[in-house]
Amino acid sequence: ANFMDHVPGMVIINRTVPGYESRCVNLDNRFGAALATNHLIQQGHRSIAYIGSTHQIADAMERQQGYMDALTQNGIPVDERLIIQSSPDELGGERAVIELLNQGRKMTGIVCYNDPMAAGALSALVDNDIKVPNQMSVAGFD
């Protein structure tokens, strides 16, 4: 933080430094994930999976919480069996969808922690002859 005193034009991205909040820029991860989930709900989905990141960082926890907030606010029970964690990349998205399908999970929508995971999820759905968006909708948040 003392370094910021000597560099008045410094801006911190994706982190808040106490005392320098006016020079910090952050995403509202919780709100963004809730928006993505609400979009699927507005399309008529009621059984929505969440593919989160295995990285133990605030972004991961906040995005999962936003997903759960949206379900709860719309009167949809949170089904822990539809929440899965994987590596936050394309392969992680593929593996998560395959695991959900192999477990026989019934879902019509998937919210993904990030866009690479969403791309992997789409790939796995196509490989399993699941039509997007006719049979399954996918949203990524980055």
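Predicted model: local features only at pLDDT ≥ 70, side-chain atom pairs only at ≥ 80, totals over all residues.
**Figure 1. Histidine 45 sits in a loop between helix H2 and strand E3.** Strand E3 covers residues 48–53. Is histidine 45 buried or exposed? The cut-off for buried is under 20% relative accessible area, and histidine 45 has 10%, so this residue is buried. Its side chain makes two polar contacts you can look for. One goes to the side chain of threonine 108, at 2.6 Å. Another, at 3.0 Å, joins histidine 45 to the side chain of serine 137. Leaving aside residues up to four places away in sequence, histidine 45 touches Leu40, Ile76, Thr108, Gly109 and Ser137.

**Figure 2. Aspartate 69 and arginine 30 pair up in a salt bridge.** Here's the general idea: side chains of opposite charge can pair when their charged atoms come close. In this pair, the N to O distance is 2.5 Å. Which helices do the two residues come from? Aspartate 69 belongs to helix H3 (residues 58–73) and arginine 30 to helix H2 (residues 29–42), so the bridge ties together parts that are 39 residues apart in sequence.

**Figure 3. Asparagine 38 reaches across to asparagine 74.** Stay with helix H2 for this one, because that's where you'll find asparagine 38. What joins its side chain to that of asparagine 74? A polar contact of 2.8 Å does. Not counting residues up to four places away in sequence, asparagine 38 touches Ala70 and Asn74.

**Figure 4. Arginine 81 and aspartate 79 form another salt bridge.** How many salt bridges does the structure hold? There are two, and in this one the side chains meet at 3.0 Å, N to O. Aspartate 79 has 23% relative accessibility and counts as partly exposed.

**Figure 5. Leucine 100 is a buried residue of helix H4.** That helix spans residues 90–102. The relative accessibility of leucine 100 is 0%. Arginine 81, which you met in the salt bridge with aspartate 79, turns up here too: leucine 100 touches it, along with Ala49, Ile51, Leu82, Ile84, Arg105 and Met107, again leaving out residues up to four places away in sequence. Leucine 100 and arginine 81 are 19 residues apart in sequence, and their C-alpha atoms lie 8.6 Å apart in space.

**Figure 6. Stepping back, the protein has five helices and six strands.** In what order do these elements come? Starting at the N terminus, they run α-β-β-α-β-α-β-α-β-α-β. The C-alpha atoms fill a box of roughly 55 × 30 × 20 Å along the principal axes. Of the 142 residues, 42% are buried. Among contacts with a separation of 6 or more, 66% are between residues 24 or more positions apart. The accessible surface is about 7,900 Å², and carbon and sulfur atoms account for 51% of that. As for charge, there are 10 positive and 16 negative side chains, with the centres of the two sets 5 Å apart.

Notes
Residues numbered from 1 in each chain as written. Heavy atoms only, no water. Salt bridge = Lys/Arg side-chain N within 4 Å of Asp/Glu carboxyl O. Helix = DSSP H or I, 4+ residues; strand = E, 2+ residues; numbered from the N terminus. Buried < 20%, exposed > 50% of the residue type's maximum accessible area, 1.4 Å probe, protein only. Contact = heavy atoms within 4.5 Å. Areas by Shrake-Rupley, 256 points an atom, 1.4 Å probe, with all protein chains shown as cover. Lys, Arg positive; Asp, Glu negative; His and termini not counted. Charge placed at Lys NZ, Arg CZ, Asp CG, Glu CD. Polar contact = N/O pair within 3.5 Å; in protein donor to acceptor, adjacent residues only side chain to side chain.
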